[in-house]
Amino acid sequence: MTRQRLIIAALLITAIGVFFISGAHQWFTLETIKAYQSDFQTAFTQNPWQVAGIFFAVYVVITALSLPGATLMTLLGGALFGLGWGLLIVSFASTMGATLAFLLSRFLFRGPIEKRFPRQFASVNRGVERDGALYLFTLRLVPVFPFFMINLVMGLTRIKTVTFYGVSQLAMLPGTAIYVNAGGQLGELESLGGILSPTLIASFLLLAIFPWIARRIVQLVQKRKAYKGFTRPAGFDYDIVVIGGGSAGLVTSYIASAVNAKVALVEKHKMGGDCLNTGCVPSKALIRAARAAHEVRTAHRFGVTASEPQVDFAKVMGHVHQSISDIEPHDSIERYNGLGVEVYQEHARLISPWEIQVGDKILTARHIVLATGARPRVPSLPGIKSAPVLTSENLWSLTELPKRLVVLGGGAIGCELSQSFARLGSQVTLVEGVSQLLGREDPEVGELIESTLAGEGVSVMTDARALEVLNGETGYQLVVEHDGDRKILPLDYLLVSAGRQANVEGLGLEALGITTTQAGPLELNERLQTRLPNIWACGDLAGPYQLTHAAAHQAWHAAVNALFGELKSFAVDYRYMPAVTYVQPEVARVGLNEKEANAQSIAFEVTRYAMGESDRAIAEGATQGFIKVLTVPGRDKILGATIVAENAGEWLGEFTLAMKHGLGLNKLLGTIHPYPTLGEAAKATAGVWKNAHKPERVLALLKHYFNWRRGDSSAKKIDT
């Protein structure tokens, strides 16, 4: 706690202590106020403005310090000033005092509590941002919630002060009016409990529910407005029509069919989408082949002599296509027909919120899920249209190994393919526009991967800006600006890995008013709905992650929310989203890294474990890398984990599971891991954290205890 906070906290504690020690609290009882009512009335008659001012100030102080007595002050206000003036004075005094208590709570406690519970408060603040005014309105209206507690708790959130004041002023008026009015009959009151009858409390509850009813009415009006000009069919062919047969569309269809909904799936190209045909599967097959070549080339490290590997690139690509063929049945039309999904291999276009043109047919559905994915983004460089450009879509048609390959983009795909083609024998130059590879990761991660790629023969250029593509007498060249100089990079192929853009063209979305964000994906709410409540999206089309497992995660939400959203819907939770870059060593992460935590002003501690300390890594000759875990300061709660190590993606799941279910590093340390394994490094990392948080005082006492048990002379000196 800062010095300012300590001073203010000390002053508050002193003021509250004086209030009770002086006996001032004894004045704030119903009996006392009734006994001195005539004296108060006389003083008010003689000096009305002075008494009103003192009353106002005392009321503000009591509420600001959360002292008992606000209710009795309200009754006294009614007795002294009558209903009209009493309501006016008490309303403003109570709201001002409540706002001061709110601000004190925010100043003293919000920062430390947010740092201690960052994830929980991030979720709370998202809810407050969306519904904070309504929640506060409801709490103020229901008299069972303590007045002072609402002030203090709301101070911990990020609700705007002006919103807090305005909503409090309005929502407290009915209750204030009742208590001020009751103060007019102060002499007849026997207890405070007699003011609120069960009927009155029920009325308050109904009044509190009204805003939610009003909100529902507003939603219905907005829904009606969104569908204006469209005629809803009397009946439907399907419960859900899914457009797109990639990972997101397949999972959505599978889930919907599993609960016996009638489902149609429309895919104009190949089933399985990018992941199967041009992304995850072929790239990992290529990575494995390249790794085999690297293992032969570096076998001498283990005393095994081998010549330079002979790479038959046509057979390498044969392995890639065979991998696709072997997995294809999992995503085939036949399999999904067997699950009860009707599959159409046609182009789909929406002609209304419930109608889809599929070939020469029109299908109707209660809900439509868009899962059309994304495609590689090719920058509009001068000369690039006529150049030999490769992307993740056409790369797999290569039959000969590129001799000179320039890779544009140092993200996950660019790094993976640069390493792979270099290992297979290409001369590779990797061009990245920012200062590090894998720009979302911490700088040390990017530096390690850059060093690794450079060590394997990749020429890495960071902070390099691509200017144009030339076609001269010696072939194609990429012109880049690097270190203030203009440089020419000769190439046989230019492999572009500069991001992806959502596939929205030809779907008829413009006519329905469905728009995209500035970044490219569709405009969606947190439940994956478009502006039309029955049209949903998931996968790369939805963003923000372009990962197969993220698409599957979204697909569950899209299917469940579409089918059961009228009963219960779910916001997508991205907090525990793992991601892996399949270079060697792999880069695997879940949760926050240092870069993100600093950007969000989240306090953290860092625990590091070098893979050079792992027995299995030493035996495997895989000591490159480290584990870095971020935790809440002073606690073992995991905020994020980054692993740079051999097969890191295979054992990232332990940290993901721990974060998802609230298991701290102490739990990992107490879990038996098989020895020797790479995954044992997770437990070792927890051990590093534990060693840094040893209970030093307890250990000192134990040392004295054991000295005493041994009869050590040093223990006697301490005793004396």
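Predicted model: local features only at pLDDT ≥ 70, side-chain atom pairs only at ≥ 80, totals over all residues.
Visitor: How many helices and strands does the protein have, and what share of its residues counts as buried?

Guide: The secondary structure comes to 27 helices and 22 strands. Of the 720 residues, 45% count as buried.

Visitor: Why is Ser-418 called buried?

Guide: The relative accessible area of Ser-418 is 0%. Buried means under 20% relative accessible area, and Ser-418 is therefore buried.

Visitor: Where is Ser-418 found, and what does it touch?

Guide: Ser-418 is found in helix H16. Leaving aside residues up to four places away in sequence, Ser-418 touches Val-407, Val-428, Leu-430 and Val-458. Ser-418 and Thr-429 are eleven residues apart in sequence, and their C-alpha atoms are 7.7 Å apart in space.

Visitor: What makes a group of residues a nonpolar core, and which residues touch the most other members of the largest one?

Guide: The largest nonpolar core has 34 residues, of which Leu-286, Cys-415, Phe-421, Ile-449 and Leu-453 touch the most other members. Several elements each supply at least two residues of this core, including helix H13 (280-297), helix H16 (412-424) and helix H17 (443-455). The largest share, five residues, comes from H16. A second, separate core of 29 residues includes Ile-243, Trp-354, Val-358 and Leu-532.

Visitor: Which residues does Leu-286 touch?

Guide: Not counting residues up to four places away in sequence, Leu-286 touches Val-316, Val-320, Trp-396, Leu-417, Ser-420, Phe-421 and Leu-424.

Visitor: At what angle do H13 and H16 pack, and how far apart are their axes?

Guide: H13 and H16 pack at an angle of about 45°, and their axes are 8 Å apart.

Visitor: What kinds of residues make up the contact of H13 with H16?

Guide: The residues of this contact divide into eight nonpolar, two polar and five charged. Among them, Leu-286, Ile-287 and Arg-291 belong to H13, while Glu-416, Ser-420 and Phe-421 belong to H16.

Conventions:
Residues numbered from 1 in each chain as written. Heavy atoms only, no water. Core = buried A, V, L, I, M, F, W, Y, C linked by side-chain atoms within 4.5 Å. Buried < 20%, exposed > 50% of the residue type's maximum accessible area, 1.4 Å probe, protein only. Helix = DSSP H or I, 4+ residues; strand = E, 2+ residues; numbered from the N terminus. Contact = heavy atoms within 4.5 Å. Axes fitted to C-alpha atoms, helices over the stretch in contact; angles between N-to-C directions. Nonpolar A, V, L, I, M, F, W, Y, C, P; charged D, E, K, R; others polar.
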